Amino acid sequence: MDSVESSSEPKSRSQLGTALLIVLALAGAWAALKHFSGGALGGGAGSYDWDFGVLWKYRSLLVSGLLYTLLFTVICVVLGLLVGLVTGLGRLSSNPLITAPLRAYIEVFRCTPVLVQLVWFYYALPVLTGLEMSAVVAATLCLSLYGGAFYSEIVRGGIISIDAGQTEAAKALGMTRLQLLRRVILPQAFKKMVPPLMNQSIMQLKNTSLLSVLAVPDLLYQGQVIAHDTYRPLELYTFIAIAYFAVLLPITIWAKRMEFGSGPKEV
């Protein structure tokens, strides 16, 4: 019975996503109809005259901003996973000289807003270190370390969730610590880590919308530039919201299916 209920959840999530896409499509059709009818639909003296034609005029900037956002997300997720793996494994050490600095790093990044971190990395870090860095480098370093702090706890939690008896059995067989991690612990822990890792990666994609404060040419920044040039902020921000939604919805549905696929099979 439990397995039937579990398998029905991804299907309901997919149906919800389809319904939301239909609502967005209807809203877009209504906006287009309103535009081509000269703003006569539901219009009053103070109504806003929607004009989505501006999106096509600046399509190259919007596409480049979207591609930049996706590429930046991939880079930050990969670097964050590497930082998280090393930090998560280091947190398992019994040596306080190793675990104390790592825990301090994790808590600093988890307990401060990412927007504040971005501004600090770009303006304060060069002053403290004397190293000049561009907005792209500062943003990449900040978001990678920010994601690494969360990934490390996911890695650590997945590893310690494995039954200690398996570790003892592997040691009894003469496996080294590296062999134990590679052959016994990590393969089992990874299945449990997949859902939270996917959720955190989704958060990383949404966090890229904050890059505009550093003038990094992501989707939101390009939209702001176009809005200032055309005085059409509602059309631009509506498109940006739909673009993020269109990218994230399939990923969230896929993550939910992986979550149920990696769980235990019940009869």
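# Helix packing, cysteines and loop residues

Gln222 lies in helix 9, which covers residues 219–230. The model is predicted.

**Gln222 and its surroundings**

- Gln222 counts as buried, because its relative accessibility is 10% and buried means under 20%.
- Leaving aside residues up to four places away in sequence, Gln222 touches Leu61, Ser64, Gly65 and Pro217.

**Helix 3 with helix 8**

- Two packed helices are described by the angle between their axes and the distance between the axes.
- Helix 3 spans residues 59–90 and helix 8 spans residues 177–207; their axes come within 11 Å and cross at roughly 140°.
- That angle makes helix 3 oblique to helix 8.
- The crossing of helix 3 past helix 8 is right-handed.
- On the helix 3 side, the contact is made by Thr69, Leu70, Thr73, Cys76, Val77, Leu81 and Leu89. On the helix 8 side, Leu181, Leu197, Ser201, Gln204 and Leu205 take part.
- Sorted by class, the residues in this contact of helix 3 with helix 8 are eight nonpolar, four polar and no charged.

**Helix 4 with helix 6**

- Helix 4 (residues 96–110) packs with helix 6 (residues 135–160) at an angle of about 115°, and their axes are 9 Å apart.
- Helix 4 is therefore roughly perpendicular to helix 6, since angles from 65 to 115 degrees count as roughly perpendicular.
- Helix 4 passes helix 6 in a left-handed crossing.
- From helix 4, Tyr105, Ile106, Phe109 and Arg110 meet residues of helix 6. Their partners in helix 6 are Cys142, Leu145, Tyr146, Gly148, Ala149, Phe150, Ser152 and Glu153.
- The contact of helix 4 with helix 6 consists of eight nonpolar, two polar and two charged residues.

**Helix 7 with helix 8**

- Helix 8 also packs with helix 7 (residues 164–172), at an angle of about 160° and with the axes 10 Å apart.
- Helix 7 and helix 8 are therefore roughly antiparallel to each other, as angles over 145 degrees count as roughly antiparallel.
- Helix 7 passes helix 8 in a right-handed crossing.
- Gln166, Thr167, Ala170 and Lys171 of helix 7 make the contact with Leu180, Val184, Ile185 and Gln188 of helix 8.
- In the contact of helix 7 with helix 8, four residues are nonpolar, three are polar and one is charged.

**Cysteines**

- The structure holds zero disulfides.
- The cysteine sulfur closest to that of Cys142 belongs to Cys76, at 8.8 Å, which is too far for a bond, because a disulfide needs the two sulfur atoms within 2.5 Å.
- Cys142 is buried, with a relative accessible area of 0%, whereas Cys111 is exposed, with a relative accessible area of 58%.

**Loop residues with positive phi**

- Ala215 lies in the loop between helix 8 and helix 9. Phi of Ala215 is near 65°, a positive value in a residue other than glycine.
- Ala215 has a relative accessible area of 42% and is partly exposed.
- Tyr231 is placed in the loop between helix 9 and helix 10 (233–261). Tyr231 is not a glycine, yet its phi is positive, at about 60°.
- Tyr231 counts as exposed, because its relative accessibility is 68% and exposed means over 50%.

Conventions: Residues numbered from 1 in each chain as written. Predicted model: local features only at pLDDT ≥ 70, side-chain atom pairs only at ≥ 80, totals over all residues. Heavy atoms only, no water. Buried < 20%, exposed > 50% of the residue type's maximum accessible area, 1.4 Å probe, protein only. Axes fitted to C-alpha atoms, helices over the stretch in contact; angles between N-to-C directions. Helix = DSSP H or I, 4+ residues; strand = E, 2+ residues; numbered from the N terminus. Parallel < 35°, antiparallel > 145°, perpendicular 65-115°, else oblique. Left-handed = near helix turned anticlockwise from the far one by under 90°. Contact = heavy atoms within 4.5 Å. Nonpolar A, V, L, I, M, F, W, Y, C, P; charged D, E, K, R; others polar.
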